[in-house]
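Good morning, and thank you for coming. I would like to take you through one protein model and the contacts among its side chains.

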Amino acid sequence: MYHTIVLGGGAGGLTTSIGLASAGKKVLLIEKEKLGGECTWSGCIASKSFISAAKTSKNLKEVLEKTLKNVHKVGDSELPHVSNFKNIDLIIGEGSFIDKNSVIVNGTIYKGKNIVISTGSSPFIPNIKGLEKIDYLTNQNFFYIEDNYCSIVMIGAGIISLELAFPLKKLGIDVTILEKSNLFLPNMDDEIRAFYSKRLKEENIDLFLNCEEIEILSFDKSNKKVLIKTNHRNFETEKVFISTGRVPNLKNLNLEKAGIEFNNKGIVVDRYMRTSSKNIFSIGDVASPLKFSHVAGYHGETVVRNLLFPYIMKSIDYSNIPWTIFGETEVSKVGISEEEAKSKYKKIYTYTLDENNDRSLITFEKNFYLKIICDNKFNIVGATCIGERAGELIGFLQLMIGNKIKFYKAMKSIQAYPTYTYYIRTLSKKAYIDHLKSYLP
C-alpha cells in the first residue's frame, strides 16, 4: 500500500508527490497525459512564451515555433525531475476510484492510505448554436495549429483573451472580443478596466459587451470564413477562440464510490483541502475558486504539511493570493479592491504612484500605476499595479501582507535607487506620517 496516491501530475500533483517523496513517503503518481499539466502544455508557459515571442518575431508561424520550443523545454524536464525520486512510481493513464483507499488505472487496482485528487480543469464550452459546425479554438489547441489566419473572434473577455489579443494584433491579425456580460474583468479594480479599455482602443481591438445572443450562422470551407451573428451585428472571421471560463475535470473519477461530495464547481473541500472522505484531499483547479498554477502549488504544499503532521494541520488562506495578467503591459493585484476596503473598514488609507517617477521616466514607461490600500491600522489589505514587472512588485507587497508587516515599516528597509521598490519605500514614509497623525488629538 502506498502512503499517498496522487491523481494528476500538474502543478499541485507534482508539488505533493515531490514533497512527500522528499520526506521519505512512498507515492504513486497517476497522470492521464503529460507531466506538467495544462499550465505547462497549453496554459501559463505556452501563453507567456507566445506573448514574449511576438515582441521580436513578425509572423505567427515563427511565434508558435518559439512558443512550443519553450513549452517542451519546461515540460520535458518534469519526467527526469520526478525520476530522481525512487519512491515515486509514475503511471501514465486515467485513474478512477474503486473505494476510498483504492483506484484503478490501466486495469490494475492500487491502494493508498491517502489519496490526493489534482486533476485540474478544462475550458468551459458555452451553448452557442452552430458551434459544432466549426473547428473552434481553446487554449488547449490554440498553440498547436499550423495554418495561418488573418482574423479571429474571441468569445469571452477574460484574462486569456486579453493576454493573447495584443500579441495577435501585433502579428497583423484582426482581433475582435465578444463578451456576454455588461462588464469585463468584473472582479478587478476600475483602474484595470479603464487601462484595458484604453489600450484596446489604441490598438484597434474591438470589444463588444452585452453579447447575449451569439450564433454561428455559417462556415464557408472554400475561404475558411465563419459568419457569427450577435445582437450587435454580424462578424466574419477565420478563427473562433472560446475563453468563457473553466470546468473541473471530474469525468470518469467515479467519486461516488469513494464517498466524495462534489458539485458543478468542483470537489467540495474543507479549509484543510480534505474532501468528505477525510483520507482524501483535493487540490488545484478541481477544488479551488482561484484557478492559478501558483494556487495549486500552494494547495500542494499545504496538503504535504497536513499529511505529514495531521494533528497540527494548516488551513488555506485565500486573502493574500496574488495574480498577474501577462499582457503587453503586466497587470497585477493582491488582496481586496478599494471599494471592498471602504465597505469593510471604518477608515482606509490609499497611496498611489503614477508614471511621473524617475524609474518610469528613465525607462520611457508610459503605462505605470501603483495603488496600495491600508486599513485604519496601516495593514496592507490590497494593492494593484500596472506596468513592467508588476507581478514582482506585487510579490514584494504580498510578502508584507503574508507576514503581517504594517506598510509604514517598509521605510526601515533600504532599496536601491531608482527601483520601483525604492518608491514603495517612499510611499511608506507617507504612511508613517499618517500613522503619527493618527495619535494626534
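**Contacts inside a predicted model**

Let us begin within a single helix: Lys66 and Glu62 both lie in helix α4, which spans residues 60–75, and they stand four residues apart, about one turn of the helix. Please keep in mind throughout that this is a predicted model. The two side chains form a salt bridge, with 3.6 Å between the closest N and O atoms. Lys66 has a relative accessible area of 35%, which makes this residue partly exposed. Glu62 is also partly exposed, at 30%.

How many salt bridges does a search of the whole structure find? The search gives 21. One of them joins Lys48 to Glu163, where the closest N and O atoms are 2.9 Å apart. Lys48 belongs to helix α3 (residues 44–53) and Glu163 to helix α7 (residues 159–170), so this pair ties together parts that are 115 residues apart in sequence. Why does Lys48 count as partly exposed? Because its relative accessibility is 24%. Glu163, by contrast, counts as buried because its relative accessibility is 2%.

If we set aside residues up to four places away in sequence, Ser47 touches Phe143, Ile160, Glu163 and Leu164.

Asp189 lies in the loop between β9 (174–178) and α8 (190–202), while Lys371 lies in strand β22 (residues 369–374), so the pair ties together parts that are 182 residues apart in sequence. Are these two residues buried or exposed? Both Asp189 and Lys371 are buried. Salt bridges with shared partners join them to others in one network, made up of Asp189, Glu191, Lys333, Glu338, Glu339, Lys342 and Lys371.

**Aromatic rings**

I turn now to the rings. A pair of aromatic rings is described by the distance of the centres and the angle of the planes. In this model the count comes to 14 aromatic pairs. Phe50 and Phe142 make up one of these, an edge-to-face pair with 5.4 Å from centre to centre and 70 degrees between the planes. Phe50 is in helix α3 and Phe142 in helix α6 (residues 139–142), so that this pair links distant parts of the chain, 92 residues apart. Phe50 and Phe142 are both buried. Another edge-to-face pair is formed by Tyr422 and Tyr423, with 5.3 Å between the centres and 80 degrees between the planes. In this pair Tyr422 counts as partly exposed, at 27% relative accessibility, whereas Tyr423 is buried, at 11%.

Which residues do ring pairs link into a cluster? They are Phe50, Phe142, Phe143 and Phe241.

Lys34 lies over the face of Trp41, at 4.3 Å from the ring centre.

Leaving aside neighbours within four places in sequence, Ile267 is in contact with several residues, among them Ile117, Leu255 and Ile260.

Five of its five residues are buried, so β2 is largely enclosed by the rest of the structure. On one side are Val27, Leu29 and Glu31, on the other Leu28 and Ile30, and both faces are covered. β2 pairs with β1 in the parallel sense, over four bridges. Within this pairing, Thr4 has Val27 of β2 as its bridge partner.

How values were computed
Residues numbered from 1 in each chain as written. Heavy atoms only, no water. Salt bridge = Lys/Arg side-chain N within 4 Å of Asp/Glu carboxyl O. Helix = DSSP H or I, 4+ residues; strand = E, 2+ residues; numbered from the N terminus. Buried < 20%, exposed > 50% of the residue type's maximum accessible area, 1.4 Å probe, protein only. Phe/Tyr/Trp six-rings, centres within 6.5 Å; stacked < 30°, edge-to-face > 60°. Lys NZ or Arg CZ within 6 Å of the ring centre and 35° of its normal. Contact = heavy atoms within 4.5 Å. Pairing = 2+ DSSP bridges.
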